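Welcome! Please take a moment to look over the sequence and the 3D view below before reading on.

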Amino acid sequence: MKTPACDRVLPLSSRMARLGTETAFAVSAEALLHRQAGNRVFPFHLGDMNIPTPENIMEAAFRAMKGGKTGYCSNLGIPELREAVAEDLNQSRGTHYTLDNVVIQPGGKPVIGKFILAFMNPGDEVLYPNPGYPIYESQIEFHGGVAVPYTYREGADNFELDLDALERAITPKTRILILNDLQNPMGAEASPAELERIAALVRKHDLKVLLDEAYFNTRYEGTSRSLVSLEGMEERCVILYTFSKKFAMTGWRLGAAAGPRHAAVAIGKLNVNDESCSNHFNQYGALEGLRGDQSGPRRILEVLRARRDLCVELLNAIPGVRCFKPRATFYLWPNVTGAMERTGLMDYEDFRRAVLRETGVSFCSRVHFGRPLPGEEQKYIRFAYSGIDLPDIEEGLRLLKDFVAAGRRPARAASPQGGKTSRA
Ligand code: PLP
């Protein structure tokens with residue numbers, strides 16, 4: 001039979017072979033299939049949120065839409081919002097920004113690719129966290145850079161940057177450091193001493209820094225610190241800023257790049273070439289988020305804190321699981337080596353699929369956060385609690401505990417559908 005015209009292959013550019021993705025989306029797709037087959041799913045895989053955006057923010061955006069803010073706006077974003085972001089950064093990080101240092105973006109994520117395009121030349125080496133947000137590796141390689149991983153190790157009460165290894169990874173070709181502090185997927189954060197040491201390395205090797213601070217405000221105890229506050233950093237850092245997490249606005253697609261004025265100009269030029277401008281009326285919602293009543297974000301944090309506490313308690317009650325309690329982000333990175341050994345499922349994907357099939361509990365694992373590094377022996381999975389309510393956390397983790405306690409399973413190629421999970 002003749003192939004329909006719309007199914008014929010149009011050859012892609014060679015650079016497309018270097019473009020990675022978020023394989024966590026494949027986990028979402030499997031969880032959806034499992035649900036569509038009539039099973040109950042406990043969604044710990046999502047970095048998305050099931051908490052509504054605060055009412056005052058929605059109303060402000062709606063008012064702006066009704067008030068005619070439906071055309072294009074400046075490629076840099078509306079001045080009032082750029083000013084409000086600059087003020088927020090100055091208050092929380094001690095920077096000296098004005099609106100000229102801030103460019104509004106359709107989410108925090110686009111800052112990654114735009115920063116790489118603006119500052120990385122082909123062949124440059126870029127240090128990036130691994131395990132880490134997979135888009136760093138993807139964008140570095142897509143644009144012809146060399147992605148050089150650095151990693152974290154288990155400390156006393158949270159994961160710690162392996163700064164000696166990071167320093168050893170610097171070569172004469174290293175141009176950029178990507179730092180995600182507070183970190184997805186591990187919930188790690190740098191101590192003041194570690195930030196000082198990173199700043200010293202950045203100064204010594206004259207690096208540019210992409211500072212991904214997507215979770216700066218998702219903090220339950222203590223105060224977030226930023227590398228940009230340290231000597232010599234304001235001129236070297238571009239901050240990835242987002243409205244997604246603090247205000248539960250993931251689907252609004254609104255964030256910003258903030259940094260030296262010339263960086264803002266360059267990134268603004270990329271905006272013109274990509275999307276022209278970010279959504280106009282949404283920006284008035286974000287403005288209300290920053291300038292208006294703050295009870296919404298406070299409530300969001302309370303909801304997340306209760307989920308974190310319950311998740312950590314229940315995960316640590318599972319045999320063979322060890323889980324830190326990070327003070328920020330909405331992720332947990334439990335060590336599950338013992339649990340995997342008990343079940344006999346030592347392959348990450350075998351384990352994940354068997355758990356999904358038999359319990360409906362869905363999560364991502366190490367393999368979804370960058371290419372595994374040589375010598376990794378301990379096994380980790382990621383639990384996100386931003387998209388799941390307390391009763392489901394309780395039930396899902398009880399089922400996971402029973403699954404592990406039941407012991408050895410045969411590894412088999414798993415189909416995510418048709419499990420024996422309780423029905424939805
Ligand atoms: N950076 C990190 C580390 C993230 O985890 C995310 C989202 O999950 C982002 C950036 C981008 O988020 P958004 O594009 O919604 O602002």
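The shell around the ligand is made up of five nonpolar, six polar and four charged residues. Keep in mind that this is a predicted model.

**Around the ligand**

- The ligand takes up the space of the largest pocket.
- There are 15 residues around the ligand, and the nearest of them are G108, D212, Y215, T242 and S244.
- At G108, a polar backbone atom is 2.7 Å from an oxygen atom of the ligand.
- K245 uses its side chain instead, with an N or O atom 2.8 Å from an oxygen atom of the ligand.
- On its own the ligand would expose 400 Å², and the protein buries 93% of that.

**Helix α4**

- Helix α4 spans residues 110-119 and is mostly covered, with seven of its ten residues buried.
- The buried residues of α4 are V111, I112, G113, K114, F115, I116 and F119.

- A147 sits in strand β4, which covers residues 146-150.
- A147 counts as buried because its relative accessibility is 15%, and the cut-off for buried is under 20%.
- Although A147 and Y128 are 19 residues apart in sequence, their C-alpha atoms are 6.8 Å apart in space.
- T53 is in the loop between β1 (42-43) and α2 (55-66).
- With a relative accessibility of 9%, T53 counts as buried.
- The side chains of T53 and W252 are joined by a polar contact of 3.1 Å.

**Cis peptide bonds**

- The peptide bond from N130 to P131 is cis, with omega near 5°, and P131 lies in the loop between β3 (125-129) and α5 (135-142).
- D181 and L182 are also joined by a cis peptide bond, where omega is about 10°.
- You can find L182 in the loop between β7 (174-180) and α7 (192-204).

**Positive phi angles**

- A248 is not a glycine, yet it has a positive phi of about 50°.
- The loop between β9 (237-242) and β10 (255-258) holds A248, which is buried at a relative accessible area of 6%.
- S276 is not a glycine either, and its phi is positive at about 70°.
- S276 lies in the loop between α8 (261-274) and α9 (280-291), and at 32% relative accessibility S276 counts as partly exposed.

Note on methods
Residues numbered from 1 in each chain as written. Predicted model: local features only at pLDDT ≥ 70, side-chain atom pairs only at ≥ 80, totals over all residues. Heavy atoms only, no water. Near = heavy atom within 4 Å. Polar contact = N/O pair within 3.5 Å; in protein donor to acceptor, adjacent residues only side chain to side chain. Areas by Shrake-Rupley, 256 points an atom, 1.4 Å probe, with all protein chains shown as cover. 1 Å grid on protein atoms, 1.4 Å probe; cavity = no way out; pocket = protein on both sides within 12 Å on 5 of 7 lines; lining within 4 Å. Sits in = over half its atoms within 2 Å of the grid points. Nonpolar A, V, L, I, M, F, W, Y, C, P; charged D, E, K, R; others polar. Helix = DSSP H or I, 4+ residues; strand = E, 2+ residues; numbered from the N terminus. Buried < 20%, exposed > 50% of the residue type's maximum accessible area, 1.4 Å probe, protein only.
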